[in-house]
Structures are given as C-alpha cells and as structure tokens.
Amino acid sequence: MNYLDALNKRYSVKKFDPEKKVSTEALFHILEAARLSASSLGLQPYRLIIVQNAEMIEKLIPAFYNPSQISTCSHLIAIVSKKKIGSEYIGNYFNHISETRAVPLESLNPFQVSISNHMERLTPEQMTIWADKQCYIVLGNLMFAAAIEKVDTCPMEGYKQETIDDILGLEVTKEKVAVTLALGYRSEEDEFQNFKKVRKPTEKLFKFI
Ligand SMILES: Cc1cc2nc3c(=O)[nH]c(=O)nc-3n(C[C@H](O)[C@H](O)[C@H](O)COP(=O)(O)O)c2cc1C
C-alpha cells in the first residue's frame with residue numbers, strides 16, 4: 001500500500017475486533033521495523049515485550065485507565081526503556097560492532113571511551129528522558145509498519161506505571177515501560193474510524209526558510 005494511503009487509513013483504535021488475531025508473519029514484519037529503528041549512539045536502550053497470551057493481556061487490563069483497547073486487542077507491545085547504561089552494556093555493544101563489521105575492537109576504542117564518558121555524566125532524569133525518546137522512535141516505526149501491513153494499532157501512555165511494571169515483572173531499578181502499542185483489527189463498532197483526521201494545515205506546521 002502507498003504509505004500516505006496507509007497513514008490516512010490508520011487511526012488510534014478504541015475498540016478492536018476480539019475475533020481477529022494478527023498473524024505471526026505480519027507481527028514479525030512489524031517487529032523487524034522496531035529492530036531496524038535508529039537510536040542515539042546506536043545503543044538501543046530498550047527491549048520490547050510482546051504480550052500475546054490471552055491470560056496475560058487479561059491481567060494487564062487493570063493497569064490501563066481505558067480498558068477498551070487492551071481488552072479487545074490481538075497483541076500488546078510494551079516498549080521498555082533502560083534506566084541505566086553501564087560499562088558492561090557499552091562493552092557488549094562494541095564487541096557486537098566489532099564482530100558484525102569485522103573491525104578490530106581497538107580501532108573503536110576512542111568512540112567507546114567518548115560514549116562511556118557521555119553516559120556516565122547523565123543524571124538519572126536525563127537518562128530516562130534520553131532512553132524514552134529512543135523508545136518513541138521505535139513506537140513511530142511500529143505504527144508506520146503496522147499501517148503498511150494493514151494491521152491496526154493504538155499507542156497508549158494511559159496506564160499506571162507501577163502496576164504495569166509490576167505485572168510484566170520488570171526489575172524497576174533497571175527498566176520501566178516507556179510506552180505501549182496495542183495491535184489488532186478495528187471493530188466495525190468503533191465509531192472513531194469514521195472521524196476525520198484532525199491535523200494542522202501545512203502552512204501552520206511547516207516553515208520553509
Ligand atoms: C505517545 C502517544 C500516546 C497515546 N496514548 C493514548 C492513550 O493512552 N489512549 C488512547 O486512546 N489514545 C492514545 N494516543 C492516541 C492519540 O490520542 C491519537 O494518536 C491522536 O489523537 C491522533 O489521532 P489518530 O491517531 O487517530 O490519527 C496516544 C498517541 C501517542 C502518539
């Protein structure tokens with residue numbers, strides 16, 4: 001599908017058709033868009049939890065302020081951001097670059113030192129803001145890929161942080177849910193699909209200089 005058609009057809013679904021499940025093939029295409037996402041310094045300070053088990057989705061319902069999407073979706077993706085990036089994580093990253101690109105680790109040393117110094121200087125608050133920003137790039141790519149795969153989505157920040165982290169069994173000193181994305185297929189009863197898109201006109205949104 002043409003990507004502008006896909007973006008026009010997508011909307012944030014409020015109620016999915018609970019009978020329609022996203023195929024494994026479509027799911028993996030969409031997830032590949034997350035894997036290929038760009039991230040600051042290439043550090044990918046996140047992981048994705050894909051909730052496909054119906055009982056687990058049920059358990060998550062109380063974590064959401066509006067349960068209509070979560071109780072009808074096919075899958076829920078929780079994008080989990082890291083709260084700390086230490087020397088071990090950075091070391092693994094550089095080993096990975098060295099192996100993947102077949103370059104000596106030593107040649108990467110100046111870059112590794114500068115990244116380590118930079119990450120060490122971040123306060124916990126700066127770290128959270130930085131890591132969460134990277135998660136939203138993943139979110140955007142997931143939503144875009146899903147639209148092209150004709151899979152419907154709803155991005156959701158409307159959840160209780162402690163509850164969702166707890167249900168997903170996260171070690172909260174190390175990570176937290178940054179944002180979630182419900183996947184599925186729109187219900188015919190979802191009236192939101194008939195609403196016109198509300199977007200700023202080009203002249204208000206873009207300035208050419
Ligand atoms: C980061 C983010 C968080 C959102 N959180 C919620 C949410 O918790 N619940 C919800 O119903 N919609 C949520 N939305 C959907 C927005 O309200 C929606 O994208 C916006 O109104 C534009 O409408 P559209 O996506 O249908 O085109 C969220 C969207 C984004 C991008």
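**Tour: a helix pair, a sheet and a ligand shell**

Select His29, Ile30, Ala33 and Ala34 in α2; they meet Val138, Asn141, Leu142, Phe144, Ala145 and Ala146 in α7 (contact: C-beta atoms, placed from the backbone, within 7 Å; helices are DSSP runs of H or I, at least four residues, strands of E, at least two, numbered from the N terminus). This contact has eight nonpolar, two polar and no charged residues (nonpolar: Ala, Val, Leu, Ile, Met, Phe, Trp, Tyr, Cys and Pro; charged: Asp, Glu, Lys and Arg; polar: the others, Gly among them).

This is a predicted model: local features need pLDDT of at least 70, side-chain atom pairs count only at pLDDT 80 or more, and totals for chains, interfaces and linings use all residues. Residue numbers start from 1 along each chain as its sequence is written.

Next, show helix α2 (residues 24–35) and helix α7 (residues 124–148) whole. Their axes come within 8 Å and cross at roughly 150° (lines fitted to C-alpha atoms, for helices over the stretch in contact; angles from 0 to 180 degrees between N-to-C directions). That makes α2 roughly antiparallel to α7 (over 145 degrees).

Now the sheet. Four strands form an open, antiparallel sheet in the order β1-β2-β4-β3 (strands pair if DSSP finds at least two bridges between them). β1 (46–51) and β3 stand at the edges with a single partner strand each, so one side of each lacks a neighbour in the sheet. Select Thr153: opposite stands Leu183 in β4. Five bridges join β3 to β4 (residues 175–184).

Finish at the ligand. Strand β3 (residues 152–156) gives the most to its shell, three residues. Around the ligand, select residues including Tyr11, Asn66, Glu157 and Lys197 (near: C-beta atom, placed from the backbone, within 6 Å).

How values were computed:
Angles under 35 degrees count as roughly parallel, over 145 as roughly antiparallel, 65 to 115 as roughly perpendicular and the rest as oblique. Two residues are in contact if their C-beta atoms, placed from the backbone, lie within 7 Å.
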